[in-house]
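Okay, thanks everyone, let's get going.

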Amino acid sequence: MQTIKPLDKSPTAANGNIAVNGHDGSALRAIVIDKIDAKIIKELRRHGVDVKDSPGMSRGELLGEIGQYHILIGRTRMPVDKEILEKGTNLRIVGRAAVGTDNIDFAAAERNGVKVINAPGAATESVAELALTLTFMALRGVYNGSAMLKNGEFFKNSGVELAGKTVGIIGFGRIGSRFAEVLRPFNVNVIVNDIAKMNGRVKELGAEFVGMNELLARSDIISLHVNMEANTKPVIDGSSFAMMKDGAILINTVRAAAVDMHALQRSLASGKLGFYASDVLWNEPPKDPKELEIIAKDNVLITPHIGAQTNEAQGRVAEIMIPNLVEAIKELKRPVYPADNGDFVDRLEYHFIE
Ligand SMILES: NC(=O)c1ccc[n+]([C@@H]2O[C@H](COP(=O)([O-])OP(=O)(O)OC[C@H]3O[C@@H](n4cnc5c(N)ncnc54)[C@H](O)[C@@H]3O)[C@@H](O)[C@H]2O)c1
């Protein structure tokens, strides 16, 4: 259970009334560093929050200004690490307008009394559909065929059908299980692995729960749907690639960190891995020469982290986040009164102090 540290001063307005805003009677201030659904910004403003909308703000700029804000809202682009949380001396809420919270330093947030609010489940459908899209793109060489045609070359590249193949799903939470459901009409064998036991749901979706080694050995297509908060090292490493079928396809819509980059490069170079289709990179945008080499390969297709980039998913992010943001703002606005001994007593409700 996360608790928000009270503001440094009780929110008393200049006119002596209890202010419904930030410390010193000034408005609560929020900085938005990525493009998010306008409804979230509108709702913050409706609750008296002074919002600076700066999509694309750099880390350096944010570090220079973060001390002024009570609320920081962004997507997954910028890690919210110890340095940001410590420089944000007034920071009380970090809103992550996304599903994953793996690049937020939770320990530092807790130490500094900062509450993290995200949008679990918002992108389930969109990511499951993207995993299916990447699967077909990999099976049929759709991208390369089209790119060659645009380049003036008419070349009929061959592919294989999805029907009859074995799809291994690693991580059977919201997105992994939805992906299994989406695959049902395609006549595939779905095998799944998860660190949690979840046989009931697996059977319901006509899938089979297997150990990780068996999944790696049997799958023609492996799709990753783990949450990286639960993992300190890559889920797919050199030994995982060694266990895969020759020419297997790996789909990664999770995080680049779920796959060991060097092992991936080796398995692509040796031909062990047939195709790597991904929505995520180690650096976004990419900059490491090794990842640029991977992106350029013919048997690699990487989209620019568009898993949740649909109108529907972004609308759901707003729907899921807004009530929790509003609740946290209300908690912050509640006044704190010094007790006789000089300590702060618990927050009082407004109706006691009208
Ligand atoms: N590409 C995108 O834009 C995008 C959008 C949304 C979510 N995501 C990613 O998808 C991930 C999954 O989302 P979700 O809503 O399904 O999460 P979830 O928490 O519902 O499910 C994750 C599942 O993975 C399992 N798991 C974790 N580590 C594992 C391991 N090593 N081996 C096997 N199972 C493991 C967990 O037990 C859990 O059941 C998110 O954490 C996020 O990183 C990406």
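This is a predicted model: local features need pLDDT of at least 70, side-chain atom pairs count only at pLDDT 80 or more; totals for chains, interfaces and linings use all residues.

The protein has 354 residues, and 38% of them count as buried. For secondary structure, we've got 13 helices and twelve strands. And if you take contacts between residues at least 6 apart in sequence, 59% of those join residues at least 24 apart.

Now the core. In general, nonpolar side chains in soluble globular proteins tend to be buried together. Here, the largest nonpolar core has 91 residues. Which of them touch the most other members? That would be A30, L72, V190, I251, A277 and M321. Helix α13, residues 311–333, is the biggest contributor to this core, giving eight residues. And where does the core sit? Domain 1, which is 2–122 plus 310–350, and domain 2, which is 124–302, both give residues to it, so the core lies between them.

Let me zoom in on A277 from that list. If you ignore its neighbours within four places in sequence, A277 is in contact with L134, M137, A138, I249, I251 and L301.

Okay, helix pairs. Start with α5, residues 124–140, and α7, residues 174–183: their axes come within 9 Å and cross at roughly 55°. An angle like that makes α5 oblique to α7. On the α5 side, the contact is made by T124, E125, V127, A128, E129, A131 and L132, and on the α7 side by R174, I175, R178, F179 and V182. As for handedness, α5 passes α7 in a right-handed crossing.

The crossing is right-handed. If you want to click on the residues, K39, I40 and E43 in α1 meet A318, M321, I322 and V326 in α13.

Is E319 buried or partly exposed? It's partly exposed, with 14 other C-beta atoms within 10 Å. The C-alpha atoms of E319 and D37 are separated by 9.8 Å, and those two residues are 282 apart along the chain.

That's me done, over to you.

Key: Residues are numbered from 1 along each chain as its sequence is written. A nonpolar core is a set of buried Ala, Val, Leu, Ile, Met, Phe, Trp, Tyr and Cys residues joined through C-beta atoms within 7 Å. A residue is buried if 20 or more other C-beta atoms lie within 10 Å of its own, exposed if 12 or fewer, and partly exposed in between; C-beta atoms are placed from the backbone. Helices (H or I, at least four residues) and strands (E, at least two) are DSSP runs, numbered from the N terminus. Domain bounds come from an automatic or database domain assignment. Two residues are in contact if their C-beta atoms, placed from the backbone, lie within 7 Å. Axes are lines fitted to C-alpha atoms, for helices over the stretch in contact, and angles run from 0 to 180 degrees between N-to-C directions. Angles under 35 degrees count as roughly parallel, over 145 as roughly antiparallel, 65 to 115 as roughly perpendicular and the rest as oblique. A crossing is left-handed if the near helix is turned anticlockwise from the far one by less than a right angle, and right-handed if clockwise.
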